[in-house]
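Have the structure open while you read.

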Amino acid sequence: MSSVTLTVPSSYGYVVLVAVGSTFVLMWKGVKVGMARKKFGVPYPNMYSPDNTLFNCVQRAHQNTLENYPQFLALLLLGGLEWPVVSAVGGAVWLLGRIAYAQGYYTGDPKNRMRGSFGYLGLFALLAASGRFGLRLLGW
């Protein structure tokens, strides 16, 4: 088995800052759910309301981001080792897409969540950077 020496580029700091920023996006969404929970009287531990679509839209916007967050972080942190600036920009685009997605969902019309579809462009950049990193480690 051969080994690979990994050097973390100084511009990887941008990747770290995007990861830190993502925490604030998640906290903002969590606060929005808490506020909606209080406003619409949806008690814990209920994840969703049986009769309040607006609360469910707020909850779903947060939940969907949490469902996608592990993949985002893995791709951001690994891809950043190959192409740190591309990954940081891609990560920032993904986060902006998640914000637009939530803002659309918060209208109460689930179709409006599609406003954040542009975030997939950032995700594709992260996929490319992570894939390139894996190929480089294999010597390809």
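1. Let's start with Valine 33, which is buried, with a relative accessible area of 7% (buried means under 20% relative accessible area, exposed over 50%, partly exposed in between, using a 1.4 Å probe and protein chains only). You'll find valine 33 in helix H1 (helices, H or I with at least four residues, and strands, E with at least two, are DSSP runs numbered from the N terminus). Its C-alpha atom is separated by 9.7 Å from that of glutamine 63, 30 residues apart along the chain.

2. Some housekeeping before going further. This is a predicted model, where local features need pLDDT of at least 70 and side-chain atom pairs count only at pLDDT 80 or more, while totals for chains, interfaces and linings use all residues. Residues are numbered from 1 along each chain as its sequence is written, and side-chain values use heavy atoms, with hydrogens and water left out.

3. Now the helix pair. H1 covers residues 12-40, and its axis comes within 10 Å of the axis of H2, the two crossing at roughly 170° (axes are lines fitted to C-alpha atoms, for helices over the stretch in contact, and angles run from 0 to 180 degrees between N-to-C directions). That crossing makes H1 roughly antiparallel to H2 (the label for angles over 145 degrees; under 35 is roughly parallel, 65 to 115 roughly perpendicular, and the rest oblique). Sorted by class, the contact of H1 with H2 has 19 nonpolar, 7 polar and 3 charged residues (Ala, Val, Leu, Ile, Met, Phe, Trp, Tyr, Cys and Pro count as nonpolar, Asp, Glu, Lys and Arg as charged, and the others, Gly among them, as polar).

4. Have a look at the loop between H1 and H2, where proline 45 is found. A cis peptide bond joins tyrosine 44 to proline 45, with omega about 5°. For context, most peptide bonds are trans.

5. How many salt bridges does a search of the whole structure find? The count is 3 (a salt bridge is a side-chain nitrogen of Lys or Arg within 4 Å of a carboxyl oxygen of Asp or Glu). One of them joins the side chains of glutamate 67 and arginine 60, at 3.0 Å from N to O. Glutamate 67 is partly exposed at 36% relative accessibility, and arginine 60 is partly exposed at 24%.

6. On to the rings: a search of the whole structure finds 5 aromatic pairs (rings of Phe, Tyr and Trp, the last by its six-membered ring, pair if their centres lie within 6.5 Å; planes under 30 degrees apart count as stacked, over 60 as edge-to-face and the rest as tilted). Phenylalanine 72 and tryptophan 94 have ring centres 4.1 Å apart and planes at 15°, so the pair is stacked. Phenylalanine 72 lies in helix H2 and tryptophan 94 in helix H3 (residues 84-105), so the pair ties together parts 22 residues apart in sequence. Both count as buried, phenylalanine 72 at 0% relative accessibility and tryptophan 94 at 5%. Together with Tyr69, Phe72 and Trp94 form one aromatic cluster.

7. Last, two charges over rings. Arginine 98 lies over the face of tyrosine 101, at 4.2 Å from the ring centre (the test is NZ of Lys or CZ of Arg within 6 Å of the ring centre and within 35 degrees of the ring normal). The charged end of arginine 113 sits over the ring of tyrosine 105, 5.8 Å from its centre.
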